[in-house]
Amino acid sequence: MYKLIALDMDGTTFNEEHEISNEVKDSLFYAISKGVKIAFISGREEFTVKEILKKLELDTYYGALNGSLISTTYSEVPKFVKSLEKKYIFDILDIVENNGFSPIVFLEDLIFTRDSNDEYVEIISKFISPKILRVKDIKEYIKNNNLEEKVLKIGICHEYEVLRGLEEKFTDTIKSEYTISFSLPFFVELMAKDTDKGSCLKEICRLNNIDLSETIAIGDGENDIPMLNICGLSVAMGNAMENVKKNVDYITDTNKNDGVAKAIRKFV
């Protein structure tokens, strides 16, 4: 019997209107009624994840910023926070900005980017809460506010192939010191080394005394692959990226057609 279901949010639990349908909600509470725990593991910031779960009236564990932060809906203080190694943060920002992109910097309680008219920042801002702060100079803002050790994630938004080109510009040192993955086809993220949704799922299982073989993971993006690779039953959404679909146990329907609910009803 499966004891825990780990769910991605955008493109998975959320439909195309960025909402959780009644069918998906009902399936979550159906699983809970059968004794199965629900955990959300998202690339989203903690504030948003916690607010969503509170509105759903779900008391549960969650991972935010791809596992950089782990907490529960009933905790005042996170159970786990892992920030980026500060040594190369400014090198990363230089590469991103010198190639014409606007980096978005995520802290535990603050998100900021440079004050520009970047249309891609406007696109991703629809997925982000609270509102992104605009600053004149990102590096100076970090230095002046002593934030070097508080950065949890750096994100860049653009077309997929363009971001692939940017990814190639990161040095081997940066690639070895940080985790780089796509949470959406148009959003690439850098997190601390060995920080991903797989490590997050492992920690949540440890805290709940659940074996990984007793878990189901459902996702659609490249950043979901680490948790899909280690869970007991891996499920890709019908709308998942093709490289996500290749190595899962089961492919459910799309997020538009309540794929999460259909998977839960099938396997719980």
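**The cavity and the rings**

Tutor: The largest cavity has a volume of about 150 Å³. The model is a predicted one, and a search of the whole structure finds 1 cavity of 30 Å³ or more. Its lining is made up of 15 residues; Asp 10, Gly 43, Arg 44, Ser 183 and Glu 189 are those that lie nearest the centre. By residue class, the lining of the largest cavity divides into 6 nonpolar, 3 polar and 6 charged. Two strands, S10 and S11 (187-192), each supply at least two residues of this lining.

Now the aromatic contacts. The count of aromatic pairs comes to 3. One of them is formed by Tyr 160 and Phe 182, with 4.8 Å centre to centre and 50 degrees between the planes, a tilted arrangement. This pair links distant parts of the chain: Tyr 160 belongs to helix H7 (residues 160-167) and Phe 182 to strand S10 (residues 178-184), 22 residues apart. Strand S10 also supplies at least two residues of the cavity lining.

Phe 182 counts as buried because its relative accessibility is 0%. Tyr 160 has a relative accessibility of 24%, so it counts as partly exposed; the limit for buried is under 20%.

Rings also take part in contacts with charged side chains. The charged end of Arg 265 sits over the ring of Tyr 30, at 4.6 Å from the ring's centre. Lys 266 lies over the face of Phe 267, 5.6 Å from the ring centre.

Terms used
Residues are numbered from 1 along each chain as its sequence is written. This is a predicted model: local features need pLDDT of at least 70, side-chain atom pairs count only at pLDDT 80 or more; totals for chains, interfaces and linings use all residues. Side-chain values use heavy atoms; hydrogens and water are left out. Rings of Phe, Tyr and Trp (its six-membered ring) pair if their centres lie within 6.5 Å; planes under 30 degrees apart count as stacked, over 60 as edge-to-face and the rest as tilted. Helices (H or I, at least four residues) and strands (E, at least two) are DSSP runs, numbered from the N terminus. Buried means under 20% relative accessible area, exposed over 50%, partly exposed in between (1.4 Å probe, protein chains only). A charge sits over a ring if NZ of Lys or CZ of Arg is within 6 Å of the ring centre and within 35 degrees of the ring normal. On a 1 Å grid over the protein atoms alone, a cavity is a set of points where a 1.4 Å probe fits but cannot get out, and a pocket is an open set with protein on both sides within 12 Å along at least five of seven lines; lining residues have an atom within 4 Å of a point. Grid points are joined across faces, edges and corners, and a volume is the space filled by probe spheres set on the points. Ala, Val, Leu, Ile, Met, Phe, Trp, Tyr, Cys and Pro count as nonpolar, Asp, Glu, Lys and Arg as charged, and the others, Gly among them, as polar.
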